Amino acid sequence: MRLTTRTNLALRTLMVCAVNPDRIVRKSDVAKAINASENHLAQVVNQLGQEGFLTTLRGRNGGFTLGMPAEEISVGRLFRRFEAELPFMECFTDDKICPLKGVCRVATPLHRAIEAFYAALDPVMLTELVECNAELDAILALAPSARMVKSAACSAESGAVARA
């Protein structure tokens, strides 16, 4: 199984927003940080906004922020929203392209496998991908001061856990 570029960009865009929670993020900043085309990213940001993952702000000082707390954004839900448009195989559509449709027995186990894939990602929240991930912060934090504050908070947190 291979995820589409749109799904990959969607996850990366949300990660940039989660790493920079107190900032209105611009498409150009995200494109630069994740090495993506602004045109392709515009389509992804639009869909993320329509799905409620992002709140978009128009105008000269516009951009976008997370539309809900990062701890409420399930990776499985995100992937379902972006991958659902494209059928995994032609037999998963209403088209009658495949002459084996209706008699082939691979569709049922494939449906189960795909659901198992999403189910494994459902409990994974965006916060788990970004919290106390210094290497990710170094790449995605748009303001250097934000990196230092987060690094100090994570160091203090890991020190408290070690003492417990």
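**Salt bridges around Arg 80**

Mentor: Arg 80 and Asp 122 form a salt bridge, with their closest N and O atoms 2.4 Å apart. Because Arg 80 belongs to helix H4 and Asp 122 to the loop between H5 and helix H6 (126–130), this pair ties together parts 42 residues apart in sequence. Please bear in mind that the model is predicted.

Trainee: With which other residue does Arg 80 form a salt bridge?

Mentor: The partner is Glu 115, and the closest N and O atoms of this pair are 3.1 Å apart. Glu 115 lies in helix H5 (residues 107–121) and Arg 80 in helix H4, so parts that are 35 residues apart in sequence are tied together.

Trainee: How many salt bridges does the structure hold?

Mentor: There are three. One of them joins the side chains of Glu 51 and Arg 81, at 2.8 Å from N to O. This pair links distant parts of the chain, 30 residues apart: Glu 51 is in the loop between helix H3 (38–50) and strand E1 (54–57), and Arg 81 is in helix H4 (residues 75–83).

Trainee: What is the relative accessibility of Glu 51, and what is the relative accessible area of Arg 81?

Mentor: Glu 51 has 27% and counts as partly exposed; Arg 81 has 36% and is partly exposed.

How values were computed. Residues numbered from 1 in each chain as written. Predicted model: local features only at pLDDT ≥ 70, side-chain atom pairs only at ≥ 80, totals over all residues. Heavy atoms only, no water. Salt bridge = Lys/Arg side-chain N within 4 Å of Asp/Glu carboxyl O. Helix = DSSP H or I, 4+ residues; strand = E, 2+ residues; numbered from the N terminus. Buried < 20%, exposed > 50% of the residue type's maximum accessible area, 1.4 Å probe, protein only.
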